[in-house]
Amino acid sequence: MTVALPASSPATFEIKSANLPLVALLLKSPDLDALTRDLALRFGDIPDFFDNDPLVVELSALAADERAIDFTTLMTLLRSYRVAPVAVRGGNPAQMDAAQAAGLLAAPDARITAARTQEPQITRVQAAPPVEAPVTAAPPLGALVIDKPLRSGQQVYARGRDLVVLAMVNAGAEVIADGHIHVYAPLRGKAMAGARGNADARIFALSLEPELLSIAGIYRTSETPLPEGVWGQPTQVRLVAGPDGDKLVMERL
């Protein structure tokens, strides 16, 4: 005989599965002094690039490396850039043990969703799909629109969205976006699109005269001449994968 018992649920809580977006640090060297220099070079002039984002440390590139990693120092360094290290994956048993002893959780199911950036490599990852009741993400933000010229020393960062600039970006100014960058005027400063690893982001300029161009961390400075025919012209810049690695491609519009 089957007996059905009445079910009850606690009045004070429920347990649900959730999907947490993370950023990932793809660690390529245990040399934390070198990492400190590279992070300062990449993010030192963008103090609000991160907003206490949870982070997973990806160790697959170091799994065969027997040198010790000082995870306590690494976590302190990362927190200084307003990220919250919470997990680790991809390391050898000794590395994973050391990381967990420092307070990181093992996250073997975390999947890297975009990884075309330069060292130090920080990109977006996604946890394994939830089995029920996923947290609904907020709708994407509209583009950030700037309608005044940007002078030398000024910086604009469009977090989580595209950036549209309707006036000149002068030399010494910086425009940064997690999505695309549109400049409907001369672009003479620095432009960094796909700042969090979006390799599909593009840069559009009515007159391309930049000091630096970057998409998903792949960059080109004014020390390398632009391709013939695009200087001062309406141009789009995109990232293209090739046998020798990713490269920036510039095409007249």
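Biologist: Which residue is the bridge partner of Leu 187 in β13?

Modeller: Leu 208 is the bridge partner of Leu 187 there.

Biologist: Before we go on, what kind of model is this?

Modeller: This is a predicted model, where local features need pLDDT of at least 70 and side-chain atom pairs count only at pLDDT 80 or more, while totals for chains, interfaces and linings use all residues. Residues are numbered from 1 along each chain as its sequence is written, and side-chain values use heavy atoms, with hydrogens and water left out.

Biologist: OK. How many helices and strands does the chain have?

Modeller: There are 3 helices and 17 strands. Of the 253 residues in the chain, 40% are buried. Buried is under 20% relative accessible area, exposed is over 50%, and partly exposed is in between, with a 1.4 Å probe and protein chains only.

Biologist: Which sheet holds β11 and β13?

Modeller: They sit in an open sheet of 6 strands, ordered β7-β9-β11-β13-β16-β17, with mixed pairing. Its edge strands, β7 (144-146) and β17, each pair on one side only. From one strand to the next, the twist averages 20°. Axes for that are lines fitted to C-alpha atoms, for helices over the stretch in contact, and angles run from 0 to 180 degrees between N-to-C directions.

Biologist: How do β13 and β16 run, parallel or antiparallel?

Modeller: Antiparallel, with 3 bridges joining them. Phe 204 stands opposite Gln 236 in β16.

Biologist: And β16 with β17?

Modeller: β16 (residues 235-240) and β17 (residues 247-252) pair in the antiparallel sense over 6 bridges. Thr 235 has Arg 252 in β17 as its bridge partner. The two strands form a hairpin with 6 residues between them, and Gly 245 in the turn has a positive phi of about 110°.

Biologist: What is the relative accessible area of Leu 144?

Modeller: Its value is 21%, so Leu 144 counts as partly exposed. Leaving aside neighbours within four places in sequence, Leu 144 is in contact with several residues, including Val 156, Tyr 157 and Arg 161. Contact means heavy atoms within 4.5 Å. The C-alpha atoms of Leu 144 and Arg 161 are separated by 7.1 Å, and the two residues are 17 apart along the chain.

Biologist: Switching to helices. Which residues of α1 are buried?

Modeller: Leu 32, Ala 34, Leu 35, Leu 39 and Phe 43 are buried in α1. They cover an arc of only 145° around the axis, which puts them on the same side of α1. The arc is that of the directions from the helix axis to the C-beta atoms. Asp 33, Arg 37 and Leu 41 are exposed, on the face of α1 turned away from its buried side.

Biologist: And α3?

Modeller: In α3 (residues 93-101), Gln 95, Met 96 and Ala 99 are buried. Their arc around the axis is only 95°, which puts them on the same side of α3. Pro 93, Ala 94, Asp 97 and Ala 101 are exposed on the other side of α3.

Biologist: What do the buried residues of α3 pack against?

Modeller: They pack against α2 (71-79), β3 (83-89) and β4 (105-106).

Definitions and conventions. Helices (H or I, at least four residues) and strands (E, at least two) are DSSP runs, numbered from the N terminus. Two strands pair if DSSP finds at least two bridges between them.
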